[in-house]
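Hi everyone, thanks for making time for this. Let me put the structure up, and then we can walk through it together.

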Amino acid sequence: MSAGPIEAHVAELSAALHGPARLKSRMLEELRGGLADAAADLSPEPDTDASADAARRAVAEFGTVAELAPAFQRELTLAQARQTALTMAVLLPLLIAGRHWAGSSGAAPPLLHLTAVNATALAAATALLATVFLALTGTLGRRFPAPGGLPLAVAWTGTTAAAAVGVGALTLTAAAVLSANWPLAAATALLALASHARIAATARACRHCARLPRADAFTL
Amino acid sequence: MGRLPTVRTDAVRGHLDGLLLAALEAGPLHGYAIIATVQERSDGALELRKGTIYPALNRLERLGLLRSTWQAEGERRRRCYELTDAGRRALADERTAWREFTSAIGSVLDPALREAT
């Protein structure tokens with residue numbers, strides 16, 4: 001059987017899709033296998049002209065790239081949104097706890113203290129939202145279908161969290177200089193910087209996915 | 001049996017979850033076998049855009065209605081899906097909703113049938 005039309009079709013679809021690589025690779029592998037099965041059903045004899053024609057017919061039966069991409073992209077976009085929400089839900093509580101253990105910034109200048117408190121409050125609020133997003137795109141989605149704007153909301157919540165963590169990292173760095181417990185404050189500042197980079201990157205990927213066309217839940 | 005008239009994609013929309021769950025009721029299947037089961041049971045009458053089955057299966061798994069694992073088959077591997085307990089309950093709910101829906105529509109379209117029952 002000729003794999004040409006099938007491989008070309010899967011490659012074209014792959015180029016049109018964006019999102020977590022693992023899920024993308026898994027869904028495309030399943031599609032490739034299904035196309036091979038369909039082509040084998042249409043022409044059981046491999047490596048003949050008939051099998052090449054069967055592969056083309058299988059590709060036509062499964063749908064064009066324009067027809068398939070929105071349904072695949074919907075799942076990839078939601079997976080990216082879940083990844084962004086999970087990153088926030090894991091890292092932000094760690095950072096808040098780290099800041100707590102590093103000690104209060106009350107001894108710092110008032111502006112620095114106020115900035116640290118606000119950044120922590122913003123990080124806590126975005127962590128809470130991230131948990132809600134995870135629930136809405138998981139099993140809770142059986143009762144409450146995820147609204148179309150949810151991935152973009154996750155993306156901007158992630159961007160806000162990245163900004164709050166970035167500001168938090170700066171205040172922690174300043175606090176480390178002033179704090180009696182400076183090693184822990186410095187370690188938390190480093191963790192905050194790494195978290196800022198991680199959350200900002202996943203939020204950027206989520207914003208990109210959220211802008212791509214995708215199908216509604218029940219489109220075949 | 002003669003081939004039934006084709007039910008187009010847009011008419012099937014909204015029932016895809018129930019169709020996929022029902023195809024998996026008897027036991028685990030991979031994606032193409034699920035497509036084949038739906039088409040065989042409908043005598044080819046349901047027109048599916050076959051390629052979109054794969055994201056639909058992923059969606060049902062994300063919602064906790066299915067679970068899946070890779071299974072080796074010769075040089076290839078296939079992703080096999082099976083119903084979870086929540087998936088079985090969702091299938092029962094889909095069936096109940098469908099019976100109520102067809103009963104209500106049937107009562108209006110065919111009043112004689114309602115009087116007979």
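Let me start with a question: where is the place of R198(A)? R198(A) sits in helix α7 of chain A; helices here are DSSP runs of H or I with at least four residues, strands are E runs of at least two, and both are numbered from the N terminus.

Before going on, a word on what you are looking at. This is a predicted model, where local features need pLDDT of at least 70, side-chain atom pairs count only at pLDDT 80 or more, and totals for chains, interfaces and linings use all residues. Residues are numbered from 1 along each chain as its sequence is written, while chains are lettered from A and ligands numbered from 1 in the order in which they are written.

Back to R198(A), then. Leaving aside neighbours within four places in sequence, R198(A) is in contact with T87(A) and L91(A), a contact being two C-beta atoms, placed from the backbone, within 7 Å. T87(A) is 111 residues away from R198(A) along the chain, yet their C-alpha atoms are separated by 7.9 Å.

Now look at A192(A), which is found in helix α7 (residues 182-210) of chain A. A192(A) is buried, because it has 27 other C-beta atoms within 10 Å. Not counting residues up to four places away in sequence, A192(A) touches L95(A), V165(A), G168(A), A169(A) and L172(A). With A169(A), the C-alpha to C-alpha distance is 5.1 Å, at 23 residues apart in sequence.

V165(A) brings us to the core. Which residues touch the most other members of the largest nonpolar core? They are V165(A) and L20(B), out of 77 residues in that core; by a nonpolar core I mean a set of buried Ala, Val, Leu, Ile, Met, Phe, Trp, Tyr and Cys residues joined through C-beta atoms within 7 Å. Helix α4 (residues 65-102) of chain A gives the most to this core, 13 residues. Both domain 1 (4-63) and domain 2 (77-210) of chain A supply at least three residues each. As background, nonpolar side chains tend to be buried together in soluble globular proteins.

About those domains: their bounds come from an automatic or database domain assignment. The centres of domain 1 and domain 2 of chain A, taken over C-alpha atoms, are 41 Å apart. Contacts between them involve 4 residues of domain 1 of chain A and 6 residues of domain 2 of chain A.

One more helix in chain A: α2 (residues 21-42) has 22 residues and reaches 31 Å from first C-alpha to last, close to the 32 Å expected at 1.5 Å a residue. That expected span is 1.5 Å times one less than the number of residues. Among the buried residues of α2(A) are L23(A), E30(A), G33(A) and G34(A).

On to chain B, which has 6 helices and 3 strands. Of its 117 residues, 30% are buried. The strands form an open sheet in the order β1-β3-β2, with antiparallel pairing; strands pair if DSSP finds at least two bridges between them. The edge strands are β1 (29-30) and β2 (66-73) of chain B. Between β1(B) and β3(B) there are 2 bridges, and L29(B) stands opposite Y81(B) in β3(B).

Helix α5 (residues 85-109) of chain B reaches 36 Å over its 25 residues. How many of those residues are buried in α5(B)? The count is 2, so to speak a helix that is hardly covered.L20(B), the chain B residue I named in the core, is in contact with I34(B), A56(B), L57(B) and L60(B), leaving aside neighbours within four places in sequence. D43(B), in the loop between α3 and α4 of chain B, is exposed, with 11 other C-beta atoms within 10 Å. Phi of D43(B) is near 55°, a positive value in a residue other than glycine.

Last, the two chains together. The contact takes 22 residues from chain B and 24 residues from chain A. On the chain B side, α4(B) gives the largest share, 5 residues. Happy to take questions!

Notes:
A residue is buried if 20 or more other C-beta atoms lie within 10 Å of its own, exposed if 12 or fewer, and partly exposed in between; C-beta atoms are placed from the backbone.
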